[in-house]
Amino acid sequence: MVLRMTVGLALTAIALAVAGRRLWWLKRLAFSGQPAPERVAAVRAHPGRDVETQATEVIGQRKLLKWSVPGAAHAATFWGFIVLLLTIIEAYGNLFSRTFAIPGIGHWAFIGFIEDLFAVGVLAGIATFTVIRLRNNPSREGRKSRFFGSHTRAAWVVLGMIFLVIATLLLYRGAQINTGVFPYKHGAFASEIVGHWLHPLGTGVNSVLEVVFLLGQIAVVMAFAVIVVYSKHLHIALAPLNVLFSRRPNALGPLEPMRSNGKVLDFEEADPDTDVFGLGKIEDFTWKGLLDMATCTECGRCQSQCPAWATGKPLSPKQVILDLRDHAFAKAPYLLAASDDEREKLPDDVKKEAERPLVGKDGGVIDPDVIWSCTNCGACVEECPVDIEHIDHIDGMRRHQVLIESAFPVEAAGMLRNLENKGDPWGMGEMRRAEWITELDFEIPVVDGTIDPEIEYLFWVGCAGALEDRAKKTTKAIATLLHTAGVKFAVLGPAETCTGDPARRIGNEFVFSMLAQQNVETLNEAGAKKVVASCPHCFNTISREYPQLGGNYEVIHHTQLLARLVAEGRLQPVTAVEEKLTYHDPCFLGRHNKVYTPPREILDAVPGVEATEMHRCKERGFCCGAGGARMWMEERIGKRINTERIEEALALEPDTISTACPYCLVMLGDPCRLLGPSGPLL
Ligand code: SF4
Ligand code: SF4
């Protein structure tokens, strides 16, 4: 008894010391980053919401279960380990007393049954993971495998360790049954089966096996605890924390304002020597950013949904997080050194790592082509089961490149110049913004001063909607429908300017602030309350980003308003359109703002329309390639994203491809036009 107690406790003490040291190191590393007081404040402000999030995301495994087979396997393993905490209590109790039982419930057959049920569930889970990993073997499947780039060897070690946890558990419980000290008379069906196998060995051998496998169980659990904190399985400990401090409801929709030292950066007062301008080095990430890196499970769900990765570009959202993590860990001794003297004494490889540029072609941690390939489509954020905020990190690096290094795709310079000087990406100027109004046969009030109280909506037309020929047709159609339905609306005309979305997404927060402040001033002076936007990017910026600058309005997308007018009978589609049609979800309407149903309701209301869905639709919709200011950059690497999307649509042989965004209209319209008269309409 003394021997088993001594060995068990010694193993535990050593393992906890090693794991604790690592956790302390990780904590120090995380806090070497920038502060993020807004994350703590958000948690304090909404404790109820966070309990609900933990219940659905962590305990409920909501995102994981969207992938039915791997999700069910993960849920079985996760829930299994929660239930098996009871068996760990029992194992430690058995170190002190062979007949130990958990006080109160320790003899209930139900508890014995549940423990065994989940032990078997974990075995089924790891068997499923084994099959999934064999079928998705990156050395065979290449980039198609979501595990491409993941540390697969470590994953196999962990699967083996989980198997050993369950195997030693069932073996020592089986031996306990044969020696007569097992606390459950009935219910523990799997332990009984193992006990049955061990029974022929006799009581003496079973007594030895009981001790050997009990100590084996404790040794394996403790070894697992150490492996967890040194591997990607750190997510077991960090995922609840990362989910707790993530942006709510998620890191989609608005970009956060630029922050430095925990405060929103004021460009007029910012000091280049002391302030942080975007993410220029690993220590510019906040502790939440560093927590993201340590939490990544390397599951590759983000990578599997990324349009840039799918079309052969160097960007994988998973690899971005892993490269940042590897760099943070390698640079850690430098970051954690107490003084310059201590830094001087560090090994050369650490000093070399510390000198690597975060973004750079030669020897940079992240290749510039990686950050400029991102369309900000949000598929990665949507999929990530531990709520990692990829877009914030990618756009944070873009901000530093643009504002400090002046390094960005040269072809986007014209767009930024036009935004600064003319207020629209094409440089057409404000006087052209009202031209489309003159092409209609009814009057549209243009706001001059304040909005007439009779006017219900301010129609935010957007640069494309006012200036780009194809988008102008949509603008005129929306205006005509609103007029037909008797909706009172007005436009800003020349007083409208770009919302700043392309500037913000490319990383030029300075130009974004300038444009956004101007628009917020205009809207506030006009007394705007309800805004209807036709462009999903304008919709996202005005509704979700302008509140950061004091612009608070009730903003609706035109498809939401039109669907409501149809539902209320104020608009009634009468002309039959005998066509097969498929709808493409714009990322900034769908994934970023969860508007999936209204556009489909409108299509369903049109007589004759046969609506079909593409394989990748709604929250799994595939980007057109234009978001994240990619609209103004050349696509030189890999297959064009819009070609990939159009091919998917064409496989359905539609007469028309429909969408609700002027960017998508251009991106998907161009390849359709190339197909000539035989191609679908857009
Ligand atoms: S936002 Fe879209 S393009 Fe960018 S990394 Fe994520 S999935 Fe890829
Ligand atoms: S970032 Fe999220 S989705 Fe991507 S590999 Fe890591 S845990 Fe998985």
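## Two pairs of packed helices

At what angle do the axes of helix H15 (residues 317–336) and helix H17 (residues 348–355) cross? In this predicted model, the two axes cross at roughly 115° and come within 8 Å. Two packed helices are described by the angle between their axes and the distance between the axes. The crossing of H15 and H17 is left-handed, and in the contact His327, Ala330, Lys331, Pro333 and Tyr334 of H15 meet Val350, Glu353 and Ala354 of H17. Sorted by class, the residues of this contact are 5 nonpolar, 1 polar and 2 charged.

Another pair is formed by helix H24 (residues 469–484) and helix H28 (residues 558–567), which pack at an angle of about 30° with their axes 11 Å apart. The crossing of H24 and H28 is also left-handed, and the contact is made by Ile478, Leu481 and Leu482 on the side of H24, together with His558, Leu561, Leu562 and Leu565 on the side of H28. In the contact of H24 with H28 there are 6 nonpolar residues and 1 polar residue, but no charged ones.

## Surroundings of the two ligands

Which residues are the closest to ligand 1? They are Cys306, Cys374, Cys377, Gly378 and Cys380, out of 13 residues that surround this ligand. Helix H19 (379–383) and helix H20 (390–403) are the elements that give two or more residues to this shell. By class, the shell around ligand 1 holds 10 nonpolar and 3 polar residues, and no charged ones.

Ligand 2 is likewise surrounded by 13 residues, of which Cys296, Cys299, Cys302, Cys384 and His390 are the closest. Here the shell divides into 7 nonpolar, 3 polar and 3 charged residues.

## A sheet of three strands

An open sheet of 3 strands, paired in the parallel sense, has the order S8-S7-S9. Its edge strands are S8 (610–612) and S9 (656–658), each of which pairs on one side only. Neighbouring strands of the sheet are turned against each other by 35° on average, with direction ignored.

Strand S7 (residues 580–583) pairs with S9 over 3 bridges in the parallel sense, and Thr582 stands opposite Ile657 in S9. Helix H29 (residues 597–605) lies across S7, S8 and S9, and runs at about 170° to S7.

## An aromatic pair

A search of the whole structure finds 12 aromatic pairs. A pair of aromatic rings is described by the distance of the centres and the angle of the planes. One of these pairs joins Phe31 and Trp287, whose ring centres are 6.2 Å apart and whose planes stand at 40°, so the pair counts as tilted. Phe31 lies in the loop between helix H1 (2–30) and helix H2 (37–45), while Trp287 belongs to helix H12 (residues 287–295), so the pair ties together parts that are 256 residues apart in sequence.

## Two details of the backbone

Most residues other than glycine have a negative phi, and most peptide bonds are trans. In this model, however, the peptide bond from Arg248 to Pro249 is cis, with omega near 0°, and Pro249 is found in the loop between helix H11 (235–244) and strand S1 (259–260).

Asn376 has a phi near 55°, which is a positive value in a residue other than glycine. The place of Asn376 is the loop between helix H18 (368–372) and H19, and H19 is one of the elements that give two or more residues to the shell around ligand 1.

Conventions
Residues are numbered from 1 along each chain as its sequence is written. Chains are lettered from A and ligands numbered from 1 in the order in which they are written. This is a predicted model: local features need pLDDT of at least 70, side-chain atom pairs count only at pLDDT 80 or more; totals for chains, interfaces and linings use all residues. Side-chain values use heavy atoms; hydrogens and water are left out. Axes are lines fitted to C-alpha atoms, for helices over the stretch in contact, and angles run from 0 to 180 degrees between N-to-C directions. Helices (H or I, at least four residues) and strands (E, at least two) are DSSP runs, numbered from the N terminus. A crossing is left-handed if the near helix is turned anticlockwise from the far one by less than a right angle, and right-handed if clockwise. Contact means heavy atoms within 4.5 Å. Ala, Val, Leu, Ile, Met, Phe, Trp, Tyr, Cys and Pro count as nonpolar, Asp, Glu, Lys and Arg as charged, and the others, Gly among them, as polar. A residue is near a molecule or strand if one of its heavy atoms lies within 4 Å of it. Two strands pair if DSSP finds at least two bridges between them. Rings of Phe, Tyr and Trp (its six-membered ring) pair if their centres lie within 6.5 Å; planes under 30 degrees apart count as stacked, over 60 as edge-to-face and the rest as tilted.
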